[in-house]
Amino acid sequence: MQEATPAVSAEKKPVNFYSLTLEDLKAYFKSLGKEQFRSQQVYKWVYEQRVTDVNQMTNLSKSFREELPKFLTFELPPVIQHLISVDGTQKFLFDMGNNMSVEAVLIPSDDRLTLCISSEVGCNMACKFCFTGKQKLKRRLTAEEIVGQFMQASDRLKDGQRISNIVFMGMGEPLDNCEAVFKSIQVLTNDWGMNLSRKKITVSTSGIVPEMWRIGAAGVRLAVSLNASNDEIRDHVMPINKKWNIEKLFEACRSYCRETGDKVTFEYVLLKGVTDSIEQARELVKLTRSVPCKINIIPFNEHPGSGFERPDDSQVEAFHRELMNLGAHVLLRRTMGRDIFAACGQLTDAKLRQDQTMDISNSILGGKRVRNSSGGQPRV
Ligand code: SAH
Ligand code: SF4
């Protein structure tokens with residue numbers, strides 16, 4: 001269990017509420033000489049009622065309400081842009097200070113509303129095909145900044161809508177930022193808080209093998225960016241494979257399956273002429289047989305200067321068909337939010353994109369297809 005947040009006196013800076021698990025908040029209140037059950041009450045006001053004005057927390061004593069702003073703030077990372085795609089996908093750009101930003105994407109489907117969130121600004125894993133990977137890690141996000149992405153998106157939903165799933169598939173490598181990522185999961189799944197089901201949270205990793213046990217231990221789902229059917233190609237497209245190769249990666253996947261009884265989701269990006277041949281489809285099925293899994297194939301989302309291309313639709317279909325014919329549990333991921341740069345692997349620090357996409361912005365972002373609702377209410 002997390003150590004108690006150090007006691008603060010009234011002169012110290014208030015703590016950001018969204019950084020605190022319920023246990024942290026209890027310990028914090030205790031250190032201030034306050035009753036611990038107040039923590040459940042405040043959790044409920046903030047997460048269930050979305051009340052952050054302490055004056056409205058009517059079951060707290062007047063004197064406690066007066067003191068509370070000295071102890072807690074309820075600040076969220078500011079939304080500096082909110083774009084809505086023609087297909088209903090929404091993208092949020094957050095100001096993370098010092099000229100840095102991250103993105104989260106809300107993806108609607110028939111039976112779920114999934115929020116794809118970021119864990120870092122930039123990423124040190126340097127996968128060759130990934131837009132985020134083009135920037136070195138600038139900063140790991142804090143738990144409050146991860147929870148904050150969820151709260152900001154949630155606050156902009158229509159009445160009756162609720163985010164049902166979270167995927168850590170935005171910017172950054174979640175297992176390079178374990179403390180904040182798993183703390184945010186604890187906060188969001190608390191039943192006095194947002195009460196999200198752990199089974200509806202997926203952590204995606206490029207394969208930081210020594211940290212992978214944490215995903216099973218936290219009771220959340222594991223996705224692995226495999227992206228190659230053998231070590232030679234994986235070494236080339238994902239440098240992390242040189243440190244932990246496919247054998248080591250699969251050993252960690254099998255442990256996860258044994259311990260949780262769940263399947264792993266393998267993500268496999270189709271890169272024209274690199275990972276999209278029929279032979280590779282066969283090799284992929286053979287390779288993944290030793291792990292209870294499903295495979296998500298993702299046609300590469302092109303970005304300027306990547307040096308990779310998206311395969312033709314016919315090749316994507318042929319690859320998909322081959323996997324299905326060989327009995328693999330496979331899903332071809334629809335690309336959503338392309339018009340607002342919200343597609344897989346396209347999330348990045350806005351400044352970098354600005355520099356890189358000037359030349360194509362007219363063709364992709366042009367016209368009325370994108371509605372920018374920054375600052376206002378979403379129009380969905
Ligand atoms: N760092 C984590 C999570 C974020 S990346 C990870 O790598 O798993 C989320 C997914 O986007 C990964 O599966 C990655 O392979 C995929 N991806 C990255 N760039 C892409 C692109 N340009 N087109 C399609 N998928 C991409
Ligand atoms: Fe980082 Fe994931 Fe992109 Fe690789 S695919 S560079 S791990 S964000």
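**The surroundings of ligand 1**

A: In this predicted model, a polar side-chain atom of Glu173 lies 3.4 Å from a nitrogen atom of ligand 1, where a polar contact is a pair of N or O atoms within 3.5 Å (within protein, one must be able to donate a hydrogen and the other to accept it, and residues adjacent in sequence count only if both atoms are side-chain atoms). Local features need pLDDT of at least 70 and side-chain atom pairs count only at pLDDT 80 or more, whereas totals for chains, interfaces and linings use all residues. Residues are numbered from 1 along each chain as its sequence is written, chains are lettered from A and ligands numbered from 1 in the order in which they are written, and side-chain values use heavy atoms, with hydrogens and water left out.

A polar backbone atom of Gly172 is 2.9 Å from a nitrogen atom of ligand 1, and an N or O atom in the side chain of Ser204 is 2.6 Å from an oxygen atom of the ligand. Taken alone, ligand 1 exposes 530 Å², of which the protein buries 96% (accessible areas by the Shrake-Rupley method with a 1.4 Å probe). Two or more residues of the shell come from each of β10 (201–205) and β12 (264–270), strands being DSSP runs of E with at least two residues, numbered from the N terminus.

Around ligand 1 there are 21 residues, of which Gly172, Ser204, Ser225, Asn227 and Asn301 come nearest; a residue is counted if one of its heavy atoms lies within 4 Å. By class, this shell has 9 nonpolar, 10 polar and 2 charged residues, with Ala, Val, Leu, Ile, Met, Phe, Trp, Tyr, Cys and Pro taken as nonpolar, Asp, Glu, Lys and Arg as charged, and the others, Gly among them, as polar. Gly172 and Glu173 are also among the residues around ligand 2.

Note on methods. Helix = DSSP H or I, 4+ residues; strand = E, 2+ residues; numbered from the N terminus.
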